[in-house]
Each structure stands twice: as C-alpha cells, then as structure tokens.
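Welcome! Here is a short tour for someone meeting this structure for the first time. Take a moment to look it over, and then we can walk through it together.

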Amino acid sequence: MNYRHAYHAGNFADVLKHVTLALIIDYMKRKDAPFRVVDTHAGCGRYALDSAQAVKTGEWRGGIGRLLGPDAKPLPSDVEGIMAPYLEAVRAHNPPHQLRIYPGSPLIASRMMRSHDRLVANELHPEDRTALEEALGRDRRIILLALDGWVALKAMLPPKERRGVVLIDPPFEEEGELARLADGLVGALRRFATGVYLAWYPIKDVAPIAAFHHSVAAGAGCELLRIEIMLRRGNAADRLNGCGLIVANPPYTLRGQLSAALPELTQRMAAGAGARFVLDRLV
Ligand SMILES: C[S@@+](CC[C@H](N)C(=O)[O-])C[C@H]1O[C@@H](n2cnc3c(N)ncnc32)[C@H](O)[C@@H]1O
C-alpha cells in the first residue's frame with residue numbers, strides 16, 4: 001500500500017469525482033427518508049494544501065486551484081449554481097476567500113448529510129485511517145472501518161435504510177484493479193440493486209477502459225452514466241491523461257447538471273490542446 005492521496009488531493013480527478021458525489025447527495029436530500037453513504041476507500045478526509053506532499057506535486061493547482069485558487073476567475077453564475085453543493089463544502093473548510101484545505105469524500109459527505117443520514121467510511125492504511133478519525137471527529141452519524149475496501153463493499157450492502165450512495169475509489173496501484181472494479185460494482189448491484197454507485201477509474205491507455213466498460217455494461221442490469229474528462233490529446237500509457245466515473249442508477253437530474261458544468265470544468269482544468277469530456281449512457 002504505497003499510494004498516498006495527500007499527493008493528489010484536490011487535483012482534476014478529485015474535482016470531477018466530488019462535484020458528482022455532491023450533486024448525488026444533494027439529490028438524495030430531496031426526500032426526507034434517511035440514506036447512507038458508503039465510502040470504500042475513504043482516504044484521510046482532510047488535506048492541507050501546503051503540506052510537503054501537496055507542494056511536491058502541486059496537483060491541486062490544476063484542479064481545485066483553477067476554480068477557487070487565488071488566481072482563478074469567478075465561475076459563470078450558472079456553473080457556480082450547479083456546483084454549489086460541492087463549492088459550499090470546500091469553502092466550509094477554508095477561511096473566507098482562501099484555499100488552504102481540501103476536503104476529501106468523507107468530509108464532503110459528512111458536511112452535506114442530515115442528522116438522520118449515515119456515513120460508513122472505510123480506510124485500510126493505518127496512518128490515513130488515524131488522520132481520517134481526527135478529521136471526522138466524534139460524530140454519531142459516522143461509522144469508521146479499517147477493512148479491505150472490496151470486503152467492505154460486500155459487508156456493508158445493502159444498507160438498512162435501503163437508500164444509499166456508494167463511492168468506490170480504489171488507488172489503482174495493483175494489476176487488475178479495473179477488472180476488480182467491474183466485478184465489485186456488478187456484485188454490489190446484485191446485493192443492493194437500487195443504490196446509486198460512483199466508480200472512479202484513471203485513464204492512461206484507452207484500450208483497457210473499453211474492456212472495463214464492456215464488463216460493467218454486460219453485468220450491471222441498470223442505467224449507467226459515463227462521465228470522463230481528458231486533460232489533453234493523446235493516449236500515452238505511462239501517464240494519467242484523464243479519468244472517468246461510472247454512475248450506476250444516476251439521479252435523473254445528474255446528466256443535465258453535468259452537461260452544463262463540464263464544458264467550463266474541462267476548459268479550466270485542461271493540461272494541453274485537445275482536452276475534452278464525455279457524458280453519455282453506457283450501453
Ligand atoms: C484514491 S484514495 C481515496 C480518496 C477519497 N475517496 C476521496 O475522494 O477523498 C484511495 C485510498 O484507498 C486506500 N486504500 C488502499 N488500498 C486499500 C484497500 N485494499 N482497502 C481500503 N482502502 C485502501 C488508500 O490508503 C487511499 O487512502
């Protein structure tokens with residue numbers, strides 16, 4: 001377990017993932033009935049953007065820095081409005097008009113949840129697990145686990161509320177992680193068919209991504225939304241060219257919201273010519 005999210009927190013991939021997560025949680029709150037968020041690979045929760053790790057890569061500057069950093073222009077008002085649940089969650093962890101802290105998925109979820117909603121945050125790395133415990137504080141709505149994420153995915157579903165959002169965000173440091181993600185998502189949908197799932201994946205070479213999409217589409221048996229951002233033209237297998245999310249059982253509002261926000265997000269976070277996004281149904 002070498003992967004440490006502190007090097008990457010707030011980068012373009014986090015922005016795409018967390019904007020989508022926040023839109024989904026916001027939608028779940030339209031009904032009074034409680035829901036549960038299950039975060040299988042939760043990370044540290046709270047990331048200082050002046051830490052040695054964040055400074056070393058500077059990745060956040062190409063992500064959240066382009067939206068809320070000191071040199072960022074204000075977002076167009078329609079995009080600001082759509083992304084309000086996410087932006088509010090980030091701003092809540094920072095002094096006014098400053099960007100020092102980036103909140104990870106469990107902090108964004110816990111900030112948005114109501115008193116009767118629940119979060120299961122699972123993190124295997126002992127140091128990150130300790131940091132997560134400190135970041136979340138004492139909160140009776142939250143259950144912290146230290147299981148293997150794939151075990152947690154099986155053990156935690158279905159939630160007793162029968163309404164839930166499941167984030168599957170593995171580190172992709174082992175061979176075969178894309179296949180495990182496809183199997184994990186399809187298996188989870190069998191146990192909890194009505195859950196809303198977000199499965200995140202990196203895009204280097206696009207060839208294995210097509211096989212991943214094929215396995216998910218063949219096994220899922222529900223509506224699937226594909227959301228991808230490519231930072232630049234090209235398909236170099238040795239670097240991160242983009243990333244994607246598969247959302248299973250997406251709220252009916254999500255596609256429209258993202259189609260309005262993604263042009264601006266993609267343009268702001270581009271790393272070269274040919275940056276683009278994909279937003280379509282996976283069939
Ligand atoms: C991409 S990061 C998670 C980021 C977080 N979901 C967010 O959006 O803020 C992946 C996390 O998975 C943890 N991890 C690695 N292997 C794991 C495993 N087998 N089970 C659970 N967590 C694991 C890593 O320590 C890391 O914190």
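## A first stop: His-97

Between which helix and which strand does the loop with His-97 lie? Before the answer, please keep in mind that this is a predicted model. The loop that holds His-97 runs between helix 5 (84-92) and strand 3 (101-103).

The backbone here is worth a look: phi of His-97 is near 60°, a positive value in a residue other than glycine. Is His-97 buried or exposed? With a relative accessibility of 86%, His-97 counts as exposed.

## The ligand and its surroundings

Now turn to the ligand. There are 22 residues around the ligand, and those that come nearest are His-18, Glu-123, Asp-148, Gly-149 and Asp-169.

Some polar atoms can be followed one by one. In the side chain of Lys-17, an N or O atom is 3.3 Å from an oxygen atom of the ligand. The side chain of Asp-148 has an N or O atom 2.8 Å from a nitrogen atom of the ligand. For Gly-149 the backbone takes part: one of its polar backbone atoms is 2.7 Å from a nitrogen atom of the ligand. How much of the ligand does the protein bury? Taken alone, the ligand exposes 600 Å², and the protein buries 96% of that.

Helix 7 spans residues 126-136, and its buried residues are Asp-128, Arg-129, Leu-132 and Leu-136. Why can these residues be said to line one face of the helix? Seen down the axis of helix 7, the buried residues fall within an arc of 100°, so they line one face.

What covers them? Helix 6 (105-112), strand 4 (118-122) and strand 5 (142-145) are among the elements that cover the buried residues of helix 7. On the other side of the helix, Pro-126, Glu-127 and Glu-134 are exposed. After helix 7 comes Gly-137, which has a positive phi, near 65°.

Ser-51 belongs to the loop between strand 2 (46-48) and helix 2 (52-57). Because its relative accessibility is 18%, and buried means under 20%, Ser-51 counts as buried. A polar atom of the Ser-51 side chain lies 3.1 Å from the backbone oxygen of Ala-48.

Val-206 sits in the loop between strand 7 (196-203) and helix 10 (207-220). Its relative accessibility is 41%, so Val-206 counts as partly exposed. Which residue lies 30 residues from Val-206 in sequence and 9.0 Å from it in space? That residue is Ala-236, with the distance taken from C-alpha to C-alpha.

Is the peptide bond from Leu-157 to Pro-158 cis or trans? That bond is cis, with omega near 0°. Pro-158 lies in the loop between helix 8 (149-155) and strand 6 (164-168).

The tour ends at Asn-249, in the loop between strand 9 (242-248) and helix 11 (254-269). Although Asn-249 is not a glycine, its phi is positive, at about 55°.

Note on methods
Residues are numbered from 1 along each chain as its sequence is written. This is a predicted model: local features need pLDDT of at least 70, side-chain atom pairs count only at pLDDT 80 or more; totals for chains, interfaces and linings use all residues. Side-chain values use heavy atoms; hydrogens and water are left out. A residue is near a molecule or strand if one of its heavy atoms lies within 4 Å of it. A polar contact is a pair of N or O atoms within 3.5 Å; within protein, one must be able to donate a hydrogen and the other to accept it, and residues adjacent in sequence count only if both atoms are side-chain atoms. Accessible areas come from the Shrake-Rupley method with a 1.4 Å probe; for residues, only the protein chains shown count as cover. Buried means under 20% relative accessible area, exposed over 50%, partly exposed in between (1.4 Å probe, protein chains only). Helices (H or I, at least four residues) and strands (E, at least two) are DSSP runs, numbered from the N terminus. The arc is that of the directions from the helix axis to the C-beta atoms. Contact means heavy atoms within 4.5 Å.
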